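Hi,

Here is the structure I said I'd pass on.

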Amino acid sequence: MGFFDKIRSGLQKTKENISETLDSVLSVFRKVDEETLEELEDALILSDIGAQTAAETIDELRERAKRQSIETKEELVEALCQILTEKMTPNDGLHLNTHPSVILVIGVNGVGKTTTIGKLGQKLTAQGKKVLFAAADTFRAAAADQLTVWADRCGADIVRHSEGADPAAVVFDAISAAKARGVDVVICDTAGRLHNKTNLMNELAKINRVIDRELPQADKETLLVLDAVTGQNALSQAEQFNQAATLTGLVLTKLDGTAKGGIAINISARLGVPVKFIGVGETADDLLEFDAGQFVQAFFE
Ligand code: GDP
């Protein structure tokens, strides 16, 4: 399956949801009038684009319709796609040019953090990079076990300590091992206890201090993993994590399981942080590099 087809099939539920509402608007479309704009706004809100982002999008569409002729359904969809694409922060990919570089993966439990790390490991090893996982979610023994399975599967190394160990110590050892073994990318799992707990945020700060001290010049990505199925809740998680860490990118998982794929547009628009990957299934190939233009197009086709 081609890349675009994969996005489209991953977004199947969202498309069905939005198409149903849009079709009824578009099938009778004659001109951009207030009634059409209102119905379009409702359709966008239904897909979880969020009231504010939907309102901004419709305002821009109204302005655009004054400047350029939007007379056909195709022209309307094209204008809408352009506006929505521009609302998202462009994805400039992962910056991993130093050896080693570090990816810190954060997010609450169950969002798909470990799976995403496994999939990322698979992607990077397939590019010929030497990858090491740091199992710094020492809160749950199962997390390190799960990560070990992914490490074996994709040929990554792993550094793990026993349950309850200091996560920052795991990261310290992982960085030492990475330096000694000539590793290209260290991917750190972290515990996902509730984001509003100060101890989790303190733990993240401590891990960051270790990384910054041991690898002061290294490229570092901090990816927040969010479960798209949780809709607006994912947005509030994103807002809270964004205050506690300097996020360089978002990963939106389980888009295959939701009709509310518009949440990707909303979160990126509201936070000003790029979505770097989307998860559209449970296997290693189901992590797609995010392209705002293609995503929005898949939404409507
Ligand atoms: P963690 O607690 O954040 O580490 O979450 P896990 O990586 O253990 O994932 C929780 C569940 O979500 C697992 O059953 C994964 O297989 C599943 N999962 C993760 N990403 C995706 C995705 O993109 N699509 C689907 N359908 N399931 C996913």
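Predicted model: local features only at pLDDT ≥ 70, side-chain atom pairs only at ≥ 80, totals over all residues.

Residues are numbered from 1 along each chain as its sequence is written, and side-chain values use heavy atoms, leaving out hydrogens and water.

β1 (residues 101–106) and β4 (residues 185–190) pair in the parallel sense over four bridges; strands (E, at least two residues) and helices (H or I, at least four) are DSSP runs numbered from the N terminus, and pairing needs at least two DSSP bridges. β1 also pairs in the parallel sense with β5 (residues 220–227), over five bridges, and there Leu104 has Thr222 as its bridge partner.

Is β1 buried or exposed? Six of its six residues are buried, so the strand is largely enclosed by the rest of the structure. (Buried is under 20% relative accessible area, exposed over 50%, partly exposed in between, with a 1.4 Å probe and protein chains only.) Ser101, Ile103 and Val105 point one way, Val102, Leu104 and Ile106 the other.

Next, the largest nonpolar core: it has 101 residues, and Phe133 and Ile187 are among those with the most contacts inside it. Such a core is a set of buried Ala, Val, Leu, Ile, Met, Phe, Trp, Tyr and Cys residues joined through side-chain atoms within 4.5 Å. Helix α8 (residues 167–181) gives the largest share, seven residues.

Cheers
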